[in-house]
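Have the viewer open as you read.

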Amino acid sequence: MFKKLSMAAIAVALSATSSLAATEVTWWHAMGGELGKKLEEVAQKFNESQSDYKVVPVFKGTYPETLTAAIAAFRAGQQPAIVQVFEVGTGTMMAAKGAVYPVYKLMADNKEPWDPKGFLAPVVGYYSDAQGNILSMPFNSSTPIMYYNKDVFQKAGLDPEVAPKTWAELATMGKKIVDSGAAPCGFTLSYAATWVGLENYSAIQNLPYGTLQNGFGGLKTEFKFNGKEQAAFWDNLKKQQDAKVFKYGGPGGGAETAPMFYAQQCAVYMGSSASRAGVINNAKGFKVGFAPMPYDDTVTKEPKNSIIGGATLWTLNGQKNPDVYKGVAKFFTYLSKPEVQADWHQFTGYLPITNAAYELGQKQGYYEKNPGSDIAIKQITRGTPSENSKGLRFGNLTQIRDLIDQQFETVLSGKKTGQQALDDAAKAGNAILREFEASNSN
Amino acid sequence: MQTKRTVFHSRVLPYFLLAPQLIITLIFFVWPAAQAIWQSFLRQDPFGLKATFVWFANYTRLLDDPDYLNALGATFVFSVGVTVLSMGLSLLFAVCVNRVLRSGRFYTTLLVWPYAVAPAAAGLLWWFMFNPSVGIIPYLLSFLGYEWNHRLHTGDAMVLIIIAAAWKQISYNFLFFVAGLQSVPQSLTEAAAIDGAGPFKRFWTVVFPLLSPTTFFLAVINITYAMFDTFGIVDATTSGGPSQSTNILVYKVYADGFIGLNLGPSAAQSVILMLIVVVLTVVQFRWIERKVQY
């Protein structure tokens with residue numbers, strides 16, 4: 001007995017010393033559930049691939065919670081080496097020059113290979129500064145796509161293999177679905193008023209979201225999303241809601257949107273391409289179709305690329321041990337490997353970040369075996385991106401999104417027209433932008 | 001009232017005895033409060049890399065902000081709603097339990113349970129029951145022809161958070177009312193009964209006035225609770241929406257400071273909240289404790 005115990009003690013002591021030798025790299029992230037497990041697997045495989053560094057992933061809650069936690073930790077001098085920040089936090093991170101260690105510089109300082117051209121252009125464009133330097137490491141990027149219930153389409157007398165291409169077609173099909181009793185609701189949107197229903201709507205229809213190339217040109221930007229097209233789009237959603245064709249599932253990501261689709265209450269769901277795994281797991285008892293986002297043929301005949309969401313990995317300044325940054329650089333090199341990227345992309349539905357990962361997937365025959373899995377990447381790379389479809393860069397966008405949600409709700413409850421609501425949102429949003437400009441300029 | 005006077009012979013000992021409490025107060029209350037006041041005069045970026053002293057700019061901007069005024073209004077409606085609903089119901093329950101002779105203790109235990117539920121859990125509970133897609137209450141209401149949707153209807157949302165917040169407070173109020181009722185001398189109600197007063201009249205003319213110290217005390221406690229202790233409920237049920245209708249002051253501090261990362265204005269809001277607490281406390285100690293008499 002004593003022998004066994006002492007052996008165990010020695011084993012523990014040995015493992016403790018071996019982990020002491022490795023430099024720890026803390027990584028705060030916001031991936032819960034299945035995605036979180038996969039992320040931990042990525043970190044673990046990196047740790048097994050070498051013995052000098054140990055990446056320690058820590059789940060910090062939702063995206064906003066993770067960002068807030070990292071900022072609070074930075075102020076207290078306890079920041080992690082890597083933090084995962086969602087795309088709307090990009091403006092905030094870019095403005096925080098002293099807090100961020102730009103990835104292009106990190107890689108150069110630590111002599112790690114770094115090829116900006118190897119990344120998908122629409123992805124890195126979102127995270128580059130005016131000189132084209134990539135500031136944060138692309139990790140999980142997604143774009144909204146359309147999921148639809150083929151069985152309900154069939155029940156309503158529609159061709160299950162033909163998804164609506166335009167919003168007008170969606171409205172007609174939705175009406176048919178509701179009228180025929182195939183489902184009580186035609187379609188629902190996650191991020192109905194923000195990422196999907198306003199940001200991507202503007203990008204795909206090539207409408208400006210803000211001045212100065214949607215904020216890429218500097219902090220003096222002002223919102224332009226209150227155009228007459230967007231207003232008409234919102235009025236139309238209200239009309240569809242009154243006809244029971246559209247159902248609102250709550251602000252932000254819309255907590256009730258996906259469940260309504262899974263429960264076959266709504267025939268169509270538009271949401272992140274990264275919901276793919278979840279949709280497939282949850283769509284019990286019906287066949288799911290995948291399709292690109294619809295476009296508005298009253299505005300454009302040539303839909304532009306959609307814009308991305310998701311998150312990137314930011315390196316924070318101020319680690320006491322400089323070796324940590326060497327570990328971060330090594331880890332980023334590992335992350336950009338085609339095999340690692342392709343595995344992450346294929347498991348989660350996030351976009352392949354590098355061209356090599358996409359090509360690897362093609363070579364493996366992944367996209368043929370999994371129909372619909374390349375819709376997101378095709379949608380994001382179609383055509384030439386315009387100033388309006390390159391992405392968004394605004395400070396405090398989290399807060400601004402909240403107030404756009406609130407204005408959207410006033411349209412849905414009939415208190416305001418689309419134009420009034422968008423005008424009010426733009427006005428309040430501009431005030432927040434000015435505040436951000438004031439607190440971030442010298 | 002008689003007070004005991006203790007005389008300390010050493011000058012150091014009383015301070016020494018007070019020290020633990022004073023240190024805790026300084027570290028956990030005074031220091032953060034001072035920080036909040038200091039930050040409310042600054043404009044700074046989230047990471048704290050740059051800060052400018054802006055005097056009262058954060059305050060003046062707040063008072064010009066229609067959203068802030070809206071939050072003040074929502075807080076008023078909310079705290080009055082919670083106070084009236086929770087105190088009304090708990091008084092009713094207390095009176096009922098007080099009349100029950102044998103099983104009073106049993107009912108008391110049952111009624112005290114909700115107090116042990118954490119605010120976030122209570123919020124989630126109500127979120128489920130009132131959920132427009134899967135909740136039982138919207139389903140039942142639909143038979144009455146009412147389409148409940150607190151995601152869209154501002155009135156529904158306010159009613160939801162008032163019910164959720166009041167429910168939690170019923171136990172606390174109930175205990176105080178039961179204690180208050182038990183201290184009303186039986187002889188007074190008996191005398192009133194002999195004089196021919198019915199149960200209803202006896203309650204309103206004899207018992208209720210005698211309860212007034214308890215009632216006033218609870219009113220202050222409930223308003224304070226509704227204003228400052230309901231963050232979890234709002235966060236779990238409505239998150240301040242739809243269109244800001246349930247964005248009460250304490251939730252707005254969180255939304256602006258933690259989600260919006262606007263630290264200066266958020267700090268200014270907490271300072272204003274702090275002033276409201278001070279006023280409420282002064283009211284409680286100076287006015288209620290002295291003026292309310294039998």
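## H3 and H9 of chain B

Let's start with helix H3 of chain B, residues 66-99, which packs against H9(B) at an angle of about 140 degrees, the two axes lying 9 Å apart. This is a predicted model, so everything here is computed from predicted coordinates. H3(B) and H9(B) are therefore oblique to each other, and their crossing is right-handed.

Which residues of the two helices meet? From H3(B) come Thr75(B), Phe78(B), Ser79(B), Val82(B), Thr83(B), Ser86(B), Met87(B) and Val95(B). H9(B) answers with Phe203(B), Leu218(B), Ala219(B), Asn222(B), Ile223(B), Ala226(B) and Met227(B). Sorted by class, this contact has 10 nonpolar and 5 polar residues, with no charged ones.

## H8 and H9 of chain B

H9(B), which spans residues 199-228, has another packing partner: helix H8 of chain B, residues 186-194. Here the angle is about 140 degrees and the axes are 10 Å apart. That angle makes H8(B) oblique to H9(B), and H8(B) passes H9(B) in a right-handed crossing.

On the H8(B) side, the contact is made by Leu188(B), Thr189(B), Ala192(B) and Ala193(B). On the H9(B) side, look for Arg202(B), Val206(B) and Val207(B). The class count for H8(B) against H9(B) is 5 nonpolar, 1 polar and 1 charged.

## Chain B as a whole

Stepping back, chain B has 12 helices and 2 strands. Reading from the N terminus, the order of its elements is α-β-β-α-α-α-α-α-α-α-α-α-α-α. Its C-alpha atoms fill a box of roughly 75 × 75 × 30 Å along the principal axes.

## A helix pair in chain A

Over in chain A, helix H11 (residues 228-242) and helix H19 (residues 397-412) are worth a look: their axes come within 9 Å and cross at roughly 50 degrees. H11(A) and H19(A) are therefore oblique to each other, and the crossing is right-handed.

Trp234(A), Lys238(A) and Gln241(A) are the H11(A) residues in this contact. They meet Phe408(A), Val411(A) and Leu412(A) of H19(A).

## Where the chains touch

How many residues does each chain bring to the contact? Chain B gives 22 residues and chain A gives 31 residues. On the chain B side, the elements that supply two or more residues are strand S1 (42-44) and helix H11 (249-259) of chain B. H11(B) has the largest share of that side, with 3 residues. By class, the chain B residues that touch chain A come to 9 nonpolar, 10 polar and 3 charged.

The model scores ipTM 0.72 and pTM 0.81. Chain B averages a pLDDT of 86, and 96% of its residues score at least 70. For chain A the mean pLDDT is 90, and 95% of the residues reach 70 or more.

One stretch to watch is residues 12-19 of chain A, where the pLDDT is below 50. Beyond near neighbours in sequence, that stretch has 1 contact in the model. Where pLDDT is low, the predicted coordinates should not be read in detail.

Note on methods. Residues are numbered from 1 along each chain as its sequence is written. Chains are lettered from A and ligands numbered from 1 in the order in which they are written. This is a predicted model: local features need pLDDT of at least 70, side-chain atom pairs count only at pLDDT 80 or more; totals for chains, interfaces and linings use all residues. Axes are lines fitted to C-alpha atoms, for helices over the stretch in contact, and angles run from 0 to 180 degrees between N-to-C directions. Helices (H or I, at least four residues) and strands (E, at least two) are DSSP runs, numbered from the N terminus. Angles under 35 degrees count as roughly parallel, over 145 as roughly antiparallel, 65 to 115 as roughly perpendicular and the rest as oblique. A crossing is left-handed if the near helix is turned anticlockwise from the far one by less than a right angle, and right-handed if clockwise. Two residues are in contact if their C-beta atoms, placed from the backbone, lie within 7 Å. Ala, Val, Leu, Ile, Met, Phe, Trp, Tyr, Cys and Pro count as nonpolar, Asp, Glu, Lys and Arg as charged, and the others, Gly among them, as polar. pLDDT is the predictor's confidence in each residue, from 0 to 100.
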